[in-house]
2 protein chains.
Amino acid sequence: MNNPTDSTSHDEHCRVNRLCIEATSAASASISHEIMNILAIINESAGLLEDLSLMAAPDEGIPAERITTTAAAIMKQVSRANQIMKWFNKLAHCGDAPRARTDIAGTIQLVVALANRQAAMKKLSVSTGDLSTAEIESDLLCLVSLLYMVLRRLYETVGTEGEISIAAKPEGSDITVSFTAHHRNEQVNLNSFPNHREKTLAAHLKANFSHNGEALQLTLPPTLPQD
Amino acid sequence: MNNPTDSTSHDEHCRVNRLCIEATSAASASISHEIMNILAIINESAGLLEDLSLMAAPDEGIPAERITTTAAAIMKQVSRANQIMKWFNKLAHCGDAPRARTDIAGTIQLVVALANRQAAMKKLSVSTGDLSTAEIESDLLCLVSLLYMVLRRLYETVGTEGEISIAAKPEGSDITVSFTAHHRNEQVNLNSFPNHREKTLAAHLKANFSHNGEALQLTLPPTLPQD
């Protein structure tokens, strides 16, 4: 906000914080479900081990290969859960400072990881082929919240087994993040983007949404101007 | 805020949202560490199973009791992680509505669970003996954030192996949550409470902090007045 007595920009700023709470809460709720699913799979493997033990003849042991297979299955799930928790930890630290330097590629990868469950549920293929290595200085929590919101709504908009592609490239001194979506080789219309909430967050980031026919584009300044 | 054009109350409201983000981020970061610790323990058990398989003589199996013990250890950790994720999922849903009915006992139990890692690290004993069954209607995310902040700072204030007791009882139509702390049988001075951040959240909840000699008290209205 440029003028601390301007109640409209105060309202906007409040609304930004509220939207960030909503986005991070949605990501947290989703991740807790994902982790509980993984824990259920691990529990099943442990249950299988118990069954093998119970079925073993008194003087015979359990075949080593059965144990090796089950141990490997458990380790695979542990590694999956660990990766999710690492991304989630990154999200938890996004709000540490009101502005921070971040590489746009890492930020997009974070958001894609956070929305991975929704993509998997709709069997979407999400590719992030062409990502700029550029860094930007911005309100990281707000940026992550905006990208997460766009991605979640994009996943809802695109039909099952759709294909989504995310790219980020420099445009002059700005960075443009573009989203394209296809379903059965047909391009998906993204004219419903941005909605009011996405516009609110973009305005706070001094970013602009545009459409260039194929893609929904979000153009971000390299450095968020100081309030 | 009573008057939407009053920039001070706007400021306060923004600050409340920001403090809620900080509190929930701190809880999220802590929980991600706790879950990663549990995953490491599960991985160790799975590694032990692999070792047992490798060490098994070619024609002999692995003794069933070794497997049973390890499977039980894994299940115990899964159950621990599941419980943490259930609490965390509750936290993620606290921001679903700007106001909600909640039982004060459940809210205190949630906050104690979320700060459990910090209590364990300092070997604190935390008891919630006397909790009112009363319900209040409030800004749940703000209430949880405030109680979590108080608890985390209380845990820092009290020495290792200290004892903390939390109670909640009706006082007229209000609910009073009280915190007492002891270290080696000496009462711990809680005069540093509330700090500015805690006061900000309490003001939003129309709640009051007071000291009655022994305890730090937080008095909450049964229903948060509408803005």
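The chat below goes through confidence, symmetry, a few residues and some ring contacts.

Me: What kind of model is it, and what does chain A average in pLDDT?
Reply: This is a predicted model, and chain A averages a pLDDT of 92, with 95% of its residues scoring at least 70.

Me: Where does pLDDT stay under 50 in chain A?
Reply: That happens over residues 1-5 of chain A, for which the model has eight contacts beyond four places in sequence. Where pLDDT is low, the predicted coordinates should not be read in detail.

Me: OK, what rotation superposes chain A on chain B?
Reply: A rotation of 180° does so, with 0.0 Å of shift along its axis and an RMSD of 0.0 Å. The two copies are thus related as by a two-fold rotation axis.

Me: And which residue of chain A comes closest to the rotation axis?
Reply: That is G61(A), whose C-alpha comes to 1.9 Å from the axis.

Me: Why say the copies meet through the same surface?
Reply: Because 100% of the interface residues of chain A are also interface residues in chain B, the copies meet through the same surface.

Me: Now rings: how many aromatic pairs does a search of the whole structure find?
Reply: The search finds one aromatic pair over all chains. The pair consists of F88(A) and F88(B), with ring centres 5.2 Å apart and planes at 70°, so it counts as edge-to-face. Since F88(A) lies in helix α2 of chain A and F88(B) in helix α2 (residues 64-93) of chain B, the pair joins two chains.

Me: Are those two buried or exposed?
Reply: F88(A) is buried, and F88(B) is buried as well.

Me: What lies over the face of F193(A)?
Reply: R153(A) does, at 4.0 Å from the ring centre. In chain B, the charged end of R153(B) sits over the ring of F193(B), 4.0 Å from its centre.

Me: Switching topic, how far does helix α5 of chain A reach?
Reply: Helix α5 (residues 140-157) of chain A has 18 residues and reaches 25 Å from its first C-alpha to its last, which is close to the 26 Å expected at 1.5 Å a residue. Of those 18 residues, 15 are buried, so α5(A) is largely enclosed by the rest of the structure.

Me: Where is the place of P58(A)?
Reply: P58(A) is in the loop between α1 (7-55) and α2 (64-92) of chain A, and at 85% relative accessibility P58(A) counts as exposed.

Me: Last one: is Q217(B) buried or exposed?
Reply: Q217(B), which is in strand β8 (residues 216-220) of chain B, counts as buried at 10% relative accessibility.

Key
Residues numbered from 1 in each chain as written. Chains lettered and ligands numbered in written order. Predicted model: local features only at pLDDT ≥ 70, side-chain atom pairs only at ≥ 80, totals over all residues. Heavy atoms only, no water. Least-squares fit on C-alpha atoms with pLDDT ≥ 70 in both. Contact = heavy atoms within 4.5 Å. Helix = DSSP H or I, 4+ residues; strand = E, 2+ residues; numbered from the N terminus. Buried < 20%, exposed > 50% of the residue type's maximum accessible area, 1.4 Å probe, protein only. pLDDT = per-residue confidence, 0-100. Expected span 1.5 Å × (residues − 1). Phe/Tyr/Trp six-rings, centres within 6.5 Å; stacked < 30°, edge-to-face > 60°. Lys NZ or Arg CZ within 6 Å of the ring centre and 35° of its normal.
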